[in-house]
Amino acid sequence: MSSVSSNTPARPRRLRRLLLSVVALAVLVPALLGGVFAWVYTGAAVSTVGATDFRNQLAIPPLQEGVLGPDGRRVFELDMRSGRKEFRPGKITETWGFNGDYLGPTLRARRGERVEVRVRNALPEASTVHWHGMHLPAAMDGGPHQMVDPGRTWTPQWTVDQPAATLWYHPHPHGKTEQHVRRGLAGMFLLDDENSASLSLPSNYGVDDLPVIVQDVKFDGSGFDNSHKIFRNAGFLGEQILVNGTLAPYREVGDDLVRLRLLNASTARIYNFAFEDNRTFALIGTDGGLVQRPITLDRVQLSPGERAEIVVRMRAGERTVLRSNTLDAGFDFWNQRFSGGDDRFDILELRAAATLRSAPELPATLAEPAVPDGSDAVRERRFDLNLAGINNVPMAMDRIDLTVTRGSTEIWVVRNADGMPHNFHVHDVQFRVLSVNDAPPPAPLSGAKDTVFVAPNSTVRLALRFDGPADPDTPYMYHCHLLWHEDQGMMGQFVVVEPGQSAGTPPSHGH
Ligand code: C2O
Ligand code: CU
Ligand code: CU
């Protein structure tokens, strides 16, 4: 044993060791934290671009045109039930669906028709079915006040009174909408009218007119992994894409013009759709129906709940991939990475036949969007979007937040106040976007909308007309359509009343 160490006094040695460890900690802890952050940051970006094998033929949800009753009423049937689906070979995922294991049929009706939907709940818990984008009486809306208990049937009826459009339906139970939609409850609801029937647009369902219901998912060993990852302000963000419930989908097409009805049915993810070769396409419709004239674009952004109808030209024998690129959505550094802004996905491969039927050119004019311009607005209201609640008040089922008068137009000014990704959806109406940050809206926002993205720290002005019918006791909802945000309370309620009438009391619930 060396005498050197035994001669060194014990106390200074201990002190030195302590000092050394403090220095080491001071260096190591930040380095370690930095390392963990770098690892989390790097791992947060997802890309399936170029890594998708497009092995599955795109499923087309069955078309349900309903049965005509003796009184001319068009009757649809929707059964909400649990199911099992093999998204991946040999692996079963527990799902929910309408009339099947996952998603639901595409319902189709015409303007002027009386429709009835028999909604039967065969799920183990109560839920609702909301007709997103539909103008209809509040009691038929399928929001959180129209809960359907397990084993019960709910039969809403209304008269379709709005232009041709691509609408959709999904559950809306307060606090559980994200969960119910994530399990697979969603479907399209197409409306036609005289004008849409007279236009030469691709309209052969499943042939040159394809529903494209886009959802992001994540699987674990036993099925869906719906857990939210760290720092995700937006809610759940998945790592793979399902289109109409199909993973890695391709679709053969036999026409040179193909219409895609894009629906963002994801609960939190925003997509920036474009083709792999950046070819242009025509935007022909937004949430509430056809736009005035086709708009040439090479990308279109959709936040949860929004729709876009686009027409793309195909060349014989080619393949092209619809992708979602990184977002240019005004996110800060943090949200760009942790709210999905840096993610990229292969969505759907279109495979053109060796010879294609040639379609007539798109019409130069499509429709006159029936949305107000705001010139006759009777009042202006402000909505500050915060995760804590709209105008800082979280949703309460028994509180009516605002009362509007039937037949009146209002201006709603909606501001993203907390810098997180949000959008804004209003039930019952289609609105016009008057401005975005005081500038005229970009062309893709020129049509009828029921859901609009509100970028961090920006403001949109909307003109909305409430045509009724009045029902002072039954509210409609407005909310952020990032469903986890909605479930957290980013939702409010309004009623439509006759002039001079005041709001009543929302129904009380035993649930
Ligand atoms: Cu798509 Cu209130 O919902
Ligand atoms: Cu809705
Ligand atoms: Cu939100």
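I began with charges over rings, and found that Arg 351 lies over the face of Tyr 250, at 3.8 Å from the ring centre; I counted a charge as over a ring if NZ of Lys or CZ of Arg is within 6 Å of the ring centre and within 35 degrees of the ring normal. Arg 337 likewise lies over the face of Tyr 41, at 4.0 Å from the ring centre.

I note that this is a predicted model, in which local features need pLDDT of at least 70 and side-chain atom pairs count only at pLDDT 80 or more, while totals for chains, interfaces and linings use all residues. Residues are numbered from 1 along each chain as its sequence is written, and side-chain values use heavy atoms, with hydrogens and water left out.

Next I looked up ring pairs, taking rings of Phe, Tyr and Trp (its six-membered ring) with centres within 6.5 Å, and calling planes under 30 degrees apart stacked, over 60 edge-to-face and the rest tilted. The count by this rule is 31 aromatic pairs. In one of them, Trp 334 and Phe 338, the centres are 4.8 Å apart and the planes at 50°, so the pair is tilted.

I then checked burial (buried is under 20% relative accessible area, exposed over 50%, partly exposed in between, with a 1.4 Å probe and protein chains only). Trp 334 counts as partly exposed at 30% relative accessibility, whereas Phe 338, at 0%, counts as buried.

I turned to Trp 412 and Phe 494, an edge-to-face pair with 5.9 Å centre to centre and 90° between the planes.

Definitions and conventions
Chains lettered and ligands numbered in written order.
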